[in-house]
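Hello,

Please find the structure below. My notes on what turned up in it follow directly after.

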Amino acid sequence: MNKKRGKMRLSWNRKCCICMLPAIMGTLIFSLIPFFRVLYYSMINNQFEKSFALISNYRRVLENEYFRIAFKNSIMLILICVPILVVLAIVISLILVFGKMKQKGIQISFILPMVIPTASIAVIWRQFFSDIENIFPVYLLFIWKNIGICIILLTAVFASVDKEIFEAAYMEGAGPMKIHLHMTLPISAPTIFFTVLLSIVNSFRIFKESYLYYGTNYPPDYGYTLQYYMNNHFLKLNYQNLSVSAVFNTLFAGMIIAVGLIFIRRFQR
Amino acid sequence: MRVKKSLLFFTLIFWFSMIFLTFFSRSLHNYMLNQVEIYQPKMRMFSLKGNDTEEEVKQKCYAIPSWMGEHDLYVAETREKNGEERIFARSIQVELGKKEGLFYPIMSKDYFGEPLILRSDSVLSDGEEIYVKNWR
Amino acid sequence: MLPILSTVGMSFWQEKLSLKPWTDLLFDTPIFYRMFWNSVFYAFVIVILELCIAVPCAFGLVTAKMRGKKIIFMIYLILMMMPLQVTLLPNYIGLRDMGLINTRMGIILPMIFSAFGIIIMHQYMMNLDEAQIEAARLETSSVLKVLIYVVVAQMKTCIIATAVFIFAECFNMLEQPMLFLKDERLKNLTVFIMNASDYEGKVLFPASVIFLIPVLILYLYFNETLEKGIKL
């Protein structure tokens, strides 16, 4: 009797595994399995003939002028915005932690841009910068939206840095600039690196904001990013081009993420 | 604590007003519009003078009450606005024939018997949205 | 940061400080309400269902002893960091094959299984008190009971923070309704704001103010919880 019951029941470990099942099933159905179909689409010439055309597909997309502009703009966004964002966040959080300010309220107010629906904000932005004809407003929007989480992550780390080592350094006559450059930043390097990675990832996601800001599928050339390229092909339902750029995007983003994660691992050791 | 309380108050007000407006915005909107009554003109036989002859010809025409003939005429027409069919007033210029009894005949060829606005609460203007009290 | 908010307040009093935009929106644009409630509906349903799925999954990821656990975690991590445009295409294909394009479910289902909730919950559960789980296991063998009475009870703050973030994200989603839905009446407020110029009157600013309010309320309620939630 007892034995039978034991057989009927699943072990605790099994049950824990079953807990994961719904989520994994969902991910499989909606993301992973279709992703292989995307791979497949990117290899054939069209849905009816289904002949192998991997190379010509990729060549067509990669040689496309708009795709190049889009790719260049996406890279520019990462190269220009992310450093500005992270440096700004570091400076602000240093001031918040080591300055003599009441930091609690300020810190909380930095969460606000994260949760506020960007649709409303992009509208205001359009009103403000209606006569500026460059990418700058979008960059500003990006920084505005993402600086909050960076600051919160960084202040948490800076606040946990041991204060005693500062006093020792201070005795030796080092200025505050020097202390922070040589001590605070190296100590919190993993987190700083994590914020950089997070900002890069978020820069892939700026599409929605920029889309609402420009209010069109065809923004000026300087604002045209990879996401626009994909979105426009999505509206045309051009599966081949779309699949190729999706695969390309996946590889590109995956590379950055992988490098980032490996670096963070290194730092932590 | 007081902040939280006023926030709760505000939250309740917001959601209640959204629910309220969801159900009643339509009727409030209608209430704010110009309330009109319409009149569907009917065909009647008129004896009209021909253009070149003196002979009288019997002809069927849309008829409007004589007192309406002395004012500007508006028709009620449906048009799409914000994704729905709404009713608007449109001013029309028609050519009226000779009064016969209590009615005027409408001579214009571009009038096809659209409902006319009989009376309205306030002065109508061309292209104004209206609410028709006796629609259909 | 707050000046933005005040400008939101300022800018809807346009046209010589009149209430016209507001009356135009509130009384003259009935589709606005549909889209507003759509937004609220999608956000609520997604938050609840996503938590129902992400919490057990994260729990499993933390407690279960199983080969390939690390790989699953890595897949989720990469999925979370992928740009939306990349994940949209597989989602679209999956939905198309099941005939869910242009239905409410088409919006809700892919969002439920988003990696964000799972990863965040996983990070929180790393510092879960294991002794309590062990103690609870002596009393009951039901995973569900352990989950509800121990895990959820311990992690209220984190769950609320996650819920608010998911809510904010869903409230703000634009691409999914734009691409997966054709029927205007199923779309949400973001689309309305996007296409505000199609409607009569200056409905854009009042609409975006109303759009802000639900999230703002949540933020004001839970701002300290949110901050704690991020820091963990």
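Between chain A and chain C, five residue pairs are in polar contact, counting pairs with both residues at pLDDT 80 or more. The model is predicted. Across the interface of chain A and chain C there is one salt bridge. A salt bridge joins the side chains of Arg37(A) and Asp97(C), at 2.4 Å from N to O.

As for the extent of this interface, 73 residues of chain A and 78 residues of chain C take part in the contact. The size of an interface is often expressed as the accessible area lost when the parts come together. For chain A and chain C the buried area is about 7,000 Å², and 77% of it lies on carbon and sulfur atoms. Of the area that chain A buries against chain C, 12% comes from Trp12(A), Phe30(A) and Phe234(A), more than from any other three residues.

Next, the aromatic rings. Over all chains, the search of the whole structure gives 22 aromatic pairs. In the pair Phe35(A) and Phe36(A), the ring centres are 6.5 Å apart and the planes stand at 70°; angles over 60 degrees count as edge-to-face, so this pair is edge-to-face. Phe35(A) has a relative accessible area of 21% and is partly exposed, while Phe36(A), at 56%, is exposed.

The rings of Phe14(B) and Trp15(B) also have their planes at 70°, with centres 5.1 Å apart, so this pair is edge-to-face. Phe14(B) is buried, its relative accessible area being 6%. Trp15(B) is partly exposed at 22% relative accessibility; the cut-off for buried is under 20%.

Two arginines have the charged end over a ring. In chain B, the charged end of Arg79(B) sits over the ring of Phe88(B), 4.1 Å from the ring centre. In chain C, the charged end of Arg104(C) lies over the ring of Phe41(C), with 5.5 Å to the ring centre.

Last, the division of chain B. Domain 1 covers 1–32 and domain 2 covers 36–132. Taken over C-alpha atoms, the centres of domain 1 of chain B and domain 2 of chain B are 43 Å apart.

Regards

How values were computed
Residues are numbered from 1 along each chain as its sequence is written. Chains are lettered from A and ligands numbered from 1 in the order in which they are written. Side-chain values use heavy atoms; hydrogens and water are left out. Rings of Phe, Tyr and Trp (its six-membered ring) pair if their centres lie within 6.5 Å; planes under 30 degrees apart count as stacked, over 60 as edge-to-face and the rest as tilted. Buried means under 20% relative accessible area, exposed over 50%, partly exposed in between (1.4 Å probe, protein chains only). A charge sits over a ring if NZ of Lys or CZ of Arg is within 6 Å of the ring centre and within 35 degrees of the ring normal. Domain bounds come from an automatic or database domain assignment. Contact means heavy atoms within 4.5 Å. Buried area is the accessible area (1.4 Å probe) that two parts lose on being put together, summed over both. A salt bridge is a side-chain nitrogen of Lys or Arg within 4 Å of a carboxyl oxygen of Asp or Glu. A polar contact is a pair of N or O atoms within 3.5 Å; within protein, one must be able to donate a hydrogen and the other to accept it, and residues adjacent in sequence count only if both atoms are side-chain atoms.
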